[in-house]
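Please keep the sequence and the structure in view while reading.

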Amino acid sequence: MLSIAWKMLAGDRAKYLSIVFSLAFTTLLIAQQGATLIAIFRSTTTFVDQINGIDMWVTDPKSEYVDDIKSMDDMAVYRVRSVPGVAWAVPLYKGSIRARLPDGRAQTVQLIGLDDATLIGAPRMTVGALRDLRVADAIFVDEDGAHGSLAYPAASGGQRDLTVGDTLELNDHHVVVMGKFHGEKTFASTPIVYTTYDRVKAFVPAERKLLSYVLVKLKPDADLAQVKATISQYLNLRARTKAEFSAESLRWFIVNTGVILNVGLSALMAFTIGGGIAGMTFYNFMLDNQRQFAVLRAMGASRSLLVQMVVLQGLGVTLLGFGCGIGGVASFILLNTSSSIDLHLTWSLIGSVCAMVVLVGTAAGSLGLRRVLHIDPAVVFK
Amino acid sequence: MTAVAQDAGATISMSVMCRGLSKSYRTLVGTVPALRGIDLDVRAREVLFLVGPSGCGKTTLISIIAGVLRPDAGRNVLFGTDLEALSPAAATAFRRDNIGFAFQSYNLIPQLTVQDNVMIPLLLKGKHYPVAATAAGVALTAVGLGQHAEKHPSELSGGQQQRVAIARAFIHSPKLIVCDEPTSALDHTTGQDVMRLLRGLTHDRGTTLIVVTHDQRIYDHADRIAEMDDGRIVSIREPVRSTGRGQQ
């Protein structure tokens with residue numbers, strides 16, 4: 001009888017397609033908004049998350065989140081190194097600077113300065129080797145920047161990707177591209193340029209304080225809490241673990257921007273409108289088929305069988321709509337490579353969206369089921 | 001089957017035995033009695049017509065006999081089983097196993113093919129789809145619609161749809177078939193064809209048939225006619241046979 005139940009639903013093409021389309025639309029919008037939100041969150045903390053092998057980030061005490069850079073004096077590195085329990089500490093710069101291309105175009109880029117000796121915090125290289133950063137005037141450029149706003153003037157006219165050996169100017173300082181790396185797309189979508197910390201000091205306009213962060217590795221037997229307390233109490237700096245810094249940065253972003261509200265509203269509207277349409281259509285299907293269910297009831301279909309039939313119909317269209325919607329989002333993400341941020345369709349997001357869509361299907365099915373279970377089989381004679 | 005003493009002292013097995021059936025409906029203007037203490041016996045393999053003016057209680061009576069409506073009072077015994085003593089679930093199972101239905105508006109499921117419609121009673125009894133499909137093919141051939149198995153009901157004429165409904169009613173070999181106005185939507189010739197088909201299948205399979213009808217043109221297909229008025233059976237008689245009766 002379950003195959004009959006499915007044929008009853010699928011045979012009513014208009015309603016069947018309408019329900020599947022509504023649920024697919026709901027899934028697509030919620031998943032797309034969710035993927036966007038995750039991408040925004042990731043881009044907020046990606047700078048912290050991608051640097052591995054350290055135990056703590058030390059910043060100015062007033063620095064609330066990763067991009068709230070309140071520069072410190074270079075001496076801060078030496079003072080942190082003097083704290084008991086610290087194995088090593090290196091400087092890290094993060095700021096922006098204007099890059100000028102040979103054809104005169106100027107582009108603001110995000111400049112990262114790594115410790116000259118260790119290159120701690122280096123990106124994942126796609127072209128060139130990390131050691132090439134030690135070549136005079138060397139920089140690394142992210143692939144998206146090299147392909148996009150830092151595209152180089154081609155000899156034959158037009159533009160080509162910036163590549164190893166190309167030169168440009170950073171604040172009137174001559175630099176050479178020695179490698180490219182894969183950088184996570186950020187919300188700001190500006191090109192990212194890596195060089196060494198000492199070179200940064202030459203490139204950026206003269207400032208008394210340039211140091212953005214101190215990256216710290218603890219000794220194996222060091223007490224993390226004790227080191228943090230010491231840095232705070234005696235150096236008047238703020239030390240946070242990678243997880244803490246990432247979480248606090250994300251929390252600041254959520255609290256101080258309207259991103260959750262905006263994306264959440266869009267997802268809620270998708271859930272309400274798409275789910276409402278699907279629910280009402282499924283309910284109408286139940287109303288339209290009330291007599292058919294009454295006939296089945298008269299002919300001896302038990303209540304539990306009717307429940308199974310409605311559950312199968314509800315679950316079937318729900319999963320079909322969900323599958324189409326998720327497929328649509330996945331296709332959108334795969335095809336839309338030029339997006340300013342990397343959309344992320346995580347398993348947890350897929351699971352959450354599935355739960356929401358199943359909730360819509362369950363609500364619609366429950367309303368319809370209520371009608372079906374209250375059917376009086378005697379209506380077949382009326 | 002129930003055996004009841006007859007006037008001559010012989011016994012005739014009964015398919016349906018109704019005693020003191022009463023049923024009232026609540027309406028905006030008060031309680032309206034639909035049945036007022038109906039006593040009715042239907043013999044095994046008999047074709048009984050329930051006739052009478054609109055609102056006399058025919059549909060209520062057939063609904064109670066078929067077990068889809070509960071009376072306010074009285075007993076409704078089908079093949080020795082008192083339906084009013086059964087739980088709702090047991091009554092549903094009893095209907096599934098023992099009763100076939102044919103309705104005035106056919107009540108075929110429009111989204112399904114003719115074959116799928118016909119096999120439903122077998123699927124409800126737990127038969128596997130291929131078995132039910134094969135049986136449906138045989139049943140459709142028996143009603144002359146073997147070549148229409150893959151069509152949808154909307155592609156058939158009214159008479160053909162009623163034949164499909166009859167095939168559905170008979171496919172699981174029920175002991176009792178109840179028909180509500182099976183010919184009212186059909187022209188005379190088609191109505192006669194449908195009744196001949198119904199009688200033939202009933203005769204061949206030893207099924208009891210109860211037909212609610214207004215259609216006097218088909219009265220001579222009945223073995224007996226129970227005439228109702230105002231919630232009572234006012235007479236039970238044999239039909240006046242016309243020449244060329246379709247009875248087998």
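In chain A, helix α2 (residues 13–49) packs with helix α11 (residues 347–373) at an angle of about 150°, and their axes lie 10 Å apart. Axes here are lines fitted to C-alpha atoms, for helices over the stretch in contact, and angles run from 0 to 180 degrees between N-to-C directions, while helices (H or I, at least four residues) and strands (E, at least two) are DSSP runs numbered from the N terminus. α2(A) passes α11(A) in a right-handed crossing; a crossing is right-handed if the near helix is turned clockwise from the far one by less than a right angle, and left-handed if anticlockwise. On the α2(A) side the residues that meet α11(A) include Leu23(A), Ile30(A), Gly34(A) and Ile38(A), and among their counterparts in α11(A) are Leu349(A), Met356(A) and Val360(A), where contact means heavy atoms within 4.5 Å.

This is a predicted model, in which local features need pLDDT of at least 70 and side-chain atom pairs count only at pLDDT 80 or more, whereas totals for chains, interfaces and linings use all residues. Residues are numbered from 1 along each chain as its sequence is written, chains are lettered from A and ligands numbered from 1 in the order in which they are written, and side-chain values use heavy atoms, with hydrogens and water left out.

Side chains of opposite charge can pair when their charged atoms come close. Three of them are listed here.

| Salt bridge | N to O distance |
|---|---|
| Lys7(A) and Asp116(B) | 2.9 Å |
| Glu248(A) and Arg238(A) | 2.8 Å |
| Asp82(B) and Arg75(B) | 3.3 Å |

Lys7(A) lies in helix α1 (residues 2–11) of chain A and Asp116(B) in helix α3 of chain B, so this pair joins two chains. Lys7(A) is partly exposed at 29% relative accessible area, whereas Asp116(B) is buried at 3%; buried means under 20% relative accessible area, exposed over 50%, and partly exposed in between (1.4 Å probe, protein chains only). Arg238(A) has a relative accessible area of 27% and is partly exposed, and Arg75(B), at 42%, is partly exposed.

Two residues of chain B show covered positions. Ser15(B) lies in strand β2 (residues 11–27) and is buried, with a relative accessible area of 0%. The C-alpha atoms of Ser15(B) and Arg45(B), 30 residues apart along the chain, are separated by 7.9 Å. Leaving aside neighbours within four places in sequence, the contacts of Ser15(B) include Arg45(B), Phe79(B) and Thr208(B). Thr202(B), in helix α6 (residues 188–205), is buried at 2% relative accessibility, and with neighbours within four places in sequence again left aside, its contacts include Val47(B), Phe170(B) and Thr208(B).

Methods:
A salt bridge is a side-chain nitrogen of Lys or Arg within 4 Å of a carboxyl oxygen of Asp or Glu.
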